[in-house]
Amino acid sequence: MDMKTRQNRQPPQSVKGRRKSKFQADLAPAENRMVRGLKQELQLSSNTDFLSDALALFHWAVRERRLGHRIFSETGTGERKELVLPRLERVAPELALPRVEISWTARELESLAALVSREPAEPTETLRRAMRG
Amino acid sequence: MLIRRLEEQDQVELFNCGDEPLNNYLRRHAWSNQEKSSIGVTYVAIDEAAPRTVLGYFTLATASVPREAFPKKYVRGLPPYDLPLILLARLAVDRRFSGKGLGHFLISEAFRISLRVAEDVGCRGVLADVYRDRITWYARYGFVALEGSAPDGPQRMFLDIRTIRRALKGSP
């Protein structure tokens, strides 16, 4: 299977005012098998339907995580597993720290450069206690 | 007791840590800086019995030092990128709860968030501009004073993220 992610370079065709794009992806054999298996299991006949459903699911997950919601699966007995994807965590609000500009003196920069150039210090007992809590 | 992001309905007017600039920041600026200007994210400690009363807070932001800003003799030993940092911009505890370990609780959470940020997007250390009479308290956590801070202003201090990571890994 050859799912393509490259955007179609043809001039966009207007279909009732909507533009469609073609996607192309080079999949490893294992991923290719996974796609085929999922399509069969979900009774999806085309790659377009597969991509469309996958996109909807991913879009929902990003939206939920952006709102700060966590995503779990729950078994019949109430056992829960959290879905954690590094890419999703990037949009989570608790990690969306804004960026600020800091002014530095030349000596502060020299001092900082010396600190980051050397091996990190061993944690103090207070720091260890902080991370144990 | 739990720590979460500041929310608009939180009661901040009665917060009093004994330092007017820190009180004023929470009362007047923390919410708008977080939600409108995106300058810093404020985390508050609350008691579940009174979930809108702020007992203490800290504010975090990210920053970076351009590689070319460092003195030439150090540049060769540094990675070929700007140095990403987390700024612990403010940390304060309401007077009514001082001496009960709330500052420790707050800074512990700030370290955990810093580690998560480092894990997800990269960060080399935590920076804090510290009141002179609080230097010893920060030094207990391993913060090192940078030379060259103005003697009449706050002391700039740095803690390497790898030291924090070691502290976490060393935990049972």
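The model is predicted; local features need pLDDT of at least 70, side-chain atom pairs count only at pLDDT 80 or more, and totals for chains, interfaces and linings use all residues. Residues are numbered from 1 along each chain as its sequence is written, while chains are lettered from A and ligands numbered from 1 in the order in which they are written.

**Chain A**

The secondary structure of chain A comes to 5 helices and 6 strands; helices (H or I, at least four residues) and strands (E, at least two) are DSSP runs numbered from the N terminus. From that terminus on, the elements follow the order β-β-β-β-α-α-β-β-α-α-α. Of the 133 residues in chain A, 8% are buried. A residue is buried if 20 or more other C-beta atoms lie within 10 Å of its own, exposed if 12 or fewer, and partly exposed in between, with C-beta atoms placed from the backbone.

Helix H1 (residues 29-41) of chain A has 13 residues and reaches 18 Å from its first C-alpha to its last, close to the expected 18 Å; the expected span is 1.5 Å times one less than the number of residues. The number of buried residues in H1(A) is 0, so this helix lies largely in the open. Just after H1(A), Gln43(A) takes a positive phi of about 55°.

**The sheet of chain B**

In chain B, 7 strands form an open sheet with mixed pairing, in the order S1-S2-S3-S4-S5-S7-S6; two strands pair if DSSP finds at least two bridges between them. Strands S1 (2-5) and S6 (144-145) of chain B stand at the edges with a single partner strand each, so one side of each is left without a neighbour in the sheet. Strands S3 (residues 56-65) and S4 (residues 83-93) of chain B run antiparallel and are joined by 10 bridges. One of the residues of S4(B), Ile86(B), is the bridge partner of Thr62(B).

| Residue | C-beta neighbours within 10 Å | Second residue | Sequence separation | C-alpha to C-alpha distance |
|---|---|---|---|---|
| Ile86(B) | 25 | Ala61(B) | 25 residues | 5.9 Å |

Phe143(B) lies in the loop between helix H4 (135-139) and S6 of chain B. Leaving aside residues up to four places away in sequence, Phe143(B) touches Ala128(B), Tyr138(B), Met157(B), Phe158(B) and Leu159(B); two residues are in contact if their C-beta atoms, placed from the backbone, lie within 7 Å.

**The contact between the chains**

The contact takes 37 residues from chain A and 49 residues from chain B. On the side of chain A that touches chain B, the largest share, 12 residues, comes from H4(A). By class, this side has 21 nonpolar, 6 polar and 10 charged residues. Ala, Val, Leu, Ile, Met, Phe, Trp, Tyr, Cys and Pro count as nonpolar, Asp, Glu, Lys and Arg as charged, and the others, Gly among them, as polar.

The axes of H5(A) and H5(B) come within 8 Å and cross at roughly 60°; axes are lines fitted to C-alpha atoms, for helices over the stretch in contact, and angles run from 0 to 180 degrees between N-to-C directions. Leu127(A), Arg128(A) and Met131(A) of H5(A) meet Ile164(B), Ala167(B) and Leu168(B) of H5(B). This helix contact has 5 nonpolar, no polar and 1 charged residues.
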